[in-house]
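Visitor: I am new to this structure and would like a close look at a single part of it. Please take me through the charged side chains that pair up, and keep it plain.

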Amino acid sequence: MKATKWLIGMSVLIVLALIVFSFLHNTSTKYLSKHRSTGKVAQTQSVIDPNYAQPYRDQYHYSAKKTWLNDPNGLIYSNGTYHMFYQTNPQGNTWGNMSWGHAESSDLIHWKEQPVAIPQREETPWVDFWMQTSHDSKPVHYYGLPTTNGDAGNPNGKRFVFSGSIIKDTKNAAGLGKNTLIAFYTSAYSVAVRDDDYSKDSMGNFLGLRDVQEQCIAYSKDDGKTFIPYKKNPVIAAQAVPTRDPANFRDPKIVYDEAHKQWVMILAAGQEADIYTSADLIHWTYRSAIIREHDVGNGAWECPELIPMTIEGTKEKKWVFSISVQKGAPAGGSGMQYFVGTFNGKEFVPDTAQTLSHPKWLDYGEDLYAGVTFSNMKRTVMLSWMSNWDYVGEQKTSPWKGEMSLPRELTLVRAGKDAVLIQRPARELAQLIQNPFKMSDLKLSGTKAIKQFSGRQYKAEAQFSWNAKNRPDQVGLRLRVSQDHSKYITAGYDVRNHSVSIDQSNSGGKSNRNQKTNVQLNEKAGRIKLTAYVDSSSIELFVNDGEKTLTQIIYPNPDQPLDSKGIALFSTGGTAQISQFEVDPIASIWNNLD
Ligand code: FRU
C-alpha cells in the first residue's frame, strides 16, 4: 500500500515536472527565436503563397493574383472589414473589360482577393438620346448598341464599370435598406452618333463613334460581397453633363457633409471637377465647378475627391480637394495634386486667390496616382495606384500588372499661412516590422555597407546632420545593392541644392523613363531624415516624417532579380553625423495560405 502511494506520488511529481519543463522550454525557444542574436539580421522566412512568389512581386503591397489592376475604387470600412475595390480586367493583365475587383482585410495590411464584385455590364440596352455637345453646332443622335470595342469590330453591347466610390447608407436615405453599401461608378461605352438627315439612311447619317460616360449605382445587401445593379440607372445621365462633353465625365466620389446635412458628389469633367449634392443619394443637383487653373489642357483631370479635414491641433475645419492629372506631374506623366480650402455647402472655396493656380503635389516620384480615401473611417487613409499612365504598358510583370501604394494616413498641418498634408504609412503596418537592426551616433565620410543586413523588403530610416565646416555634398542610402556592390538605387539628399531624389541610373535595370526623380526642399536646416519602404519592385520614400514623398516602381538588376539585397549609407564630399539608423525587415503579407 505504502509502495503504491509512493509510486503514485512520484508519477504525479514527474508529470508536473514535465509540464513545467515543457512550458519553460517553449517560452524560452519562442523568446530565443524572436531575440536570438546571430550577428546577421535576415528576412524572416515564412511560407509564401506560390502565386505571389515571383521575383518582382511586391511582398507587402497589394496586387491582384493574376490580373490587371489600376485605380482603387470604393474604399470603405464596414463591420470590422476594410474593403478595397479596384479597376481590374478579370480576363488578363492588360487594361480592358473594366470591372471592379475586390479584396478584403481585417487590418488594412493583409488583403485577401475576393471574386470580382462589379463586372463590366453585358447585353445592355440600345442607346437612344439626342444631345448637342460642346463640339456640335446642333443636337446629334446617340443611337445604337453600346460597345467597348471602340472602332474595332461590331458593337458588343457592353459597358465598362469605371472608377467610383462606396458609402454606407446608415439612415436608409436612398430607400434601399438601412446600412446598404451603395457603389457609385461611371458607366463608360462608345456608341454611334447620327444626324437628322434621313435622305440616305433611315437612321440618319453616321457621324462616327463617340465615348459616353454616365453615373450609375450598384448596391450591396451583404456588406460588400455581392452587388445588385440599380434598376433606374443612370442616376446622372450623359445628357446632363455640365461641360456638355459626355466623353469626360467620370469617377464619382461621395462624402457626407455634416455641416449642411447632405451628401456631396465630386466628378472629373475634363478641365474641371463638378460638384453635386443630394439628400437621398439618388437625385443629384449640380451645384458648382472647380475650374483648372494650372497647366490647363495638359491631359484631363481624373479621380477627384473632397476630403473634410481638421488642421492638426486646432478645431479649424478645411476641405482638401485632391485630383489626379493625366499629364504634367513633376516626374513626368500622371500624378496627384491637392488644394486646400473650405466648402460652403455648394462650392469649394480655395484658401487664397492663388490656390488653384499653384497646386501642391502629393508625391514627386513617377508612381502615385488615382489616390482616394477610405469611407466610414475616423482617420483619413488614402490608397493609390502605384504606376503612371505614361509607361504602364512597358511594365513587364506577369501574370499580374499593377499594384497599390501603402495605405497612407493623411494629416493636415499648419505651415505658416498655409496648410499642408503630411503623409505617413498607416500605423497598422507596424505589425509587419521585424527584428530591427540599429546603429546610432555614427560619423561617416564615404560609403558604409551594412554587412549585418540582407534583404529585399524592409524599412530603412536614417537621420543625417552635418556642420558647415565639413559639409558633405550628398548624404543618403544605397538601396538594393548587388552582391558585387556595382548596382544600387540611391535615395539621397543633395546638401548643396536641398533636393531629395531617388536615382535608378545605377540599378542595372533598363528603362526609358526618368532615371532620377526629385523634390526640392525649402529649408537649410543642416539635417535630413529619410525613411524608405523598399519592396521587391517599389520604393516609397518619406522625407522628414512625411513632409514630402517620392514613390517609384523599380526593377533592379533584371539579370539577377533576387540579388540586390544589400544596403549602405553614404556621405560624399564631407562628413555626416548619423544620429540614428535602422533597417527593419518587413514580413510578407502573402503567407495566409488557405
Ligand atoms: C484613372 C482612370 C479613371 C477611369 C479609370 C479607367 O486612372 O482613367 O479616370 O475611371 O482609370 O480604368
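How many salt bridges does a search of the whole structure find?

Guide: The model is a predicted one, and a search of the whole structure finds 22 salt bridges. A few of them can be followed residue by residue.

Start with Glu 409, which sits in strand β23 (residues 408-415), while Arg 379 is in the loop between β21 (369-373) and β22 (381-385). The side chains of these residues, Glu 409 and Arg 379, form a salt bridge with an N to O distance of 2.9 Å. The pair therefore ties together parts that are 30 residues apart in sequence. Glu 409 has 13% relative accessibility, so this residue counts as buried. Arg 379, at 22%, counts as partly exposed, because buried means under 20% relative accessible area.

Glu 409 also forms a salt bridge with Arg 427, and here the closest N and O atoms are 2.8 Å apart. Arg 427 belongs to the loop between β24 (418-425) and β25 (437-449), and Glu 409 to strand β23, so this pair joins parts that are 18 residues apart in sequence. With 54% relative accessibility, Arg 427 counts as exposed, since the exposed class is over 50%.

Another pair is Lys 138 and Asp 196, whose closest N and O atoms are 3.3 Å apart in their salt bridge. Lys 138 is found in the loop between β6 (127-131) and β7 (140-144), and Asp 196 in the loop between β9 (180-194) and β10 (206-220), so the bridge ties together parts that are 58 residues apart in sequence. Both residues count as partly exposed: Lys 138 has 44% relative accessibility and Asp 196 has 40%.

Salt bridges also link residues into a network, made up of Glu 316, Lys 318, Asp 351 and Arg 414.

For the nonpolar side of the picture, turn to the largest nonpolar core, which has 56 residues. Among the members that touch the most others are Phe 321, Val 500 and Phe 581. Strand β35 (residues 566-585) gives the most to this core, namely six residues. Domain 2 (62-405) and domain 3 (433-585) both supply residues, so the core lies between them. Apart from this core lies another one of 39 residues, including Met 84, Ala 426, Leu 429 and Leu 432.

Terms used:
Residues are numbered from 1 along each chain as its sequence is written. This is a predicted model: local features need pLDDT of at least 70, side-chain atom pairs count only at pLDDT 80 or more; totals for chains, interfaces and linings use all residues. Side-chain values use heavy atoms; hydrogens and water are left out. A nonpolar core is a set of buried Ala, Val, Leu, Ile, Met, Phe, Trp, Tyr and Cys residues joined through side-chain atoms within 4.5 Å. Buried means under 20% relative accessible area, exposed over 50%, partly exposed in between (1.4 Å probe, protein chains only). Helices (H or I, at least four residues) and strands (E, at least two) are DSSP runs, numbered from the N terminus. Domain bounds come from an automatic or database domain assignment. A salt bridge is a side-chain nitrogen of Lys or Arg within 4 Å of a carboxyl oxygen of Asp or Glu.
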